[in-house]
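The sequence and the structure come first.

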Amino acid sequence: MTYDVAIVGGSYAGMAAGLQLAQTRRKVVVVDAGQPRNRFASHSRGFLTQDGKPPREIAAAGYAELAQYSTVEWRKGHVETITGQKDDFTLLLASQQGVNERIYARRIILAAGVGDRLPNMPGIAELWGTRVFHCPYCHGFDLNGGRIGVLASSDFAMHLAILLPDWGETTLFLNDAFEPNMTQLEKLNERSTHIERGAVERLTDEGESVGLVMADGRMFSLAGLFIVTETDPSQLAIRLGCELEVTPLGRVVKINASKATSVPGVFACGDIARPVGNVSLAVSDGALAGQAAHHSLVFGH
């Protein structure tokens with residue numbers, strides 16, 4: 001059977017796209033590997049009617065809604081390759097049981113998210129999503145006004161260091177990554193952001209806080225530490241030939257206002273196609289991508 005749309009990625013963006021298409025009664029398949037980007041986070045913030053809920057609860061509710069539609073099928077597994085062209089795509093799936101399957105689709109929506117490249121420092125990976133974060137709007141409120149750190153890996157850390165004082169007393173750890181110029185120092189001073197120079201050696205888990213240990217032996221206890229990550233999109237997008245856009249936060253798939261990629265018949269939504277995102281933005285992107293894919297089926301563009 002050939003599906004009208006195959007959605008690669010069944011998290012918030014993918015499910016939102018599927019929900020739009022389900023209501024058109026088109027045949028849709030969603031393929032999901034079960035590894036959402038925010039799987040380490042305990043709470044989701046800023047999503048209307050779902051504020052403060054665990055991400056997995058929101059995802060489970062979305063899955064339950066989508067499962068009510070008989071024209072939507074769900075596959076647990078990983079898409080190995082996508083070949084073909086508009087109206088004639090072939091997806092090779094590897095299931096969690098290791099069984100390969102081919103499915104066919106007229107349109108593709110890439111909603112598989114991104115991978116985060118974290119700074120190479122002991123403790124960051126272990127605390128990622130629980131005490132080490134990248135998005136103030138997702139995690140800042142839950143730090144309850146406690147002391148916040150920003151770990152510099154480039155001058156883009158300035159953005160976080162100026163933004164974060166609204167959530168708590170903020171310290172920018174320069175980590176020998178860059179030195180603010182006079183204009184930047186004035187901005188930091190205006191926002192009452194402290195500066196600590198010198199290299200950071202490692203992070204330690206202190207339960208309700210994160211310990212930051214400097215190379216010279218100084219130690220700081222923080223409610224949370226924010227870092228700048230770089231993202232890598234799914235290799236599927238690259239192999240398909242989708243044009244990428246380079247941002248200060250990494251590479252994302254380049255799309256137009258209708259979420260269409262540079263490859264005819266292929267759409268992208270969620271974190272794979274935006275440098276900054278959260279659950280509410282992913283849902284919005286997915287809804288637009290679902291509608292755009294339907295329009296493409298109807299009008300042939």
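The count of aromatic pairs comes to 4, where rings of Phe, Tyr and Trp (its six-membered ring) pair if their centres lie within 6.5 Å, and planes under 30 degrees apart count as stacked, over 60 as edge-to-face and the rest as tilted. Two of these pairs are given in the table.

| Pair | Centre distance | Plane angle | Class |
|---|---|---|---|
| Tyrosine 63 and tryptophan 74 | 4.8 Å | 90° | edge-to-face |
| Phenylalanine 173 and phenylalanine 220 | 5.1 Å | 75° | edge-to-face |

The model is predicted: local features need pLDDT of at least 70, side-chain atom pairs count only at pLDDT 80 or more, and totals for chains, interfaces and linings use all residues. Residues are numbered from 1 along each chain as its sequence is written, and side-chain values use heavy atoms, with hydrogens and water left out.

Tyrosine 63 belongs to helix α2 (residues 55-67) and tryptophan 74 to strand β3 (residues 72-85), so their pair ties together parts that are 11 residues apart in sequence. Helices (H or I, at least four residues) and strands (E, at least two) are DSSP runs, numbered from the N terminus. Tyrosine 63 is partly exposed, at 37% relative accessible area, and tryptophan 74 is partly exposed as well, at 22%. Here buried means under 20% relative accessible area, exposed over 50%, and partly exposed in between (1.4 Å probe, protein chains only).

Phenylalanine 173 lies in strand β9 (residues 168-173) and phenylalanine 220 in strand β13 (residues 219-222), so this pair ties together parts that are 47 residues apart in sequence. Both phenylalanine 173 and phenylalanine 220 are buried.

Helix α2 also packs with helix α1 (residues 12-22): their axes come within 10 Å and cross at roughly 20°. Axes are lines fitted to C-alpha atoms, for helices over the stretch in contact, and angles run from 0 to 180 degrees between N-to-C directions. The two helices are therefore roughly parallel, a term for angles under 35 degrees.

Contact means heavy atoms within 4.5 Å. On the α1 side, Tyr12, Met15, Gly18 and Leu19 take part, and they meet α2 residues including Pro55, Ile58, Ala59, Tyr63 and Leu66.

Of the 11 residues of α1, 9 are buried, among them Tyr12, Met15, Gly18 and Leu21. The elements that cover the buried residues of α1 include β1 (2-8), β2 (28-32), α2, β3, β5 (100-110) and α8 (279-299).

Conventions: Angles under 35 degrees count as roughly parallel, over 145 as roughly antiparallel, 65 to 115 as roughly perpendicular and the rest as oblique.
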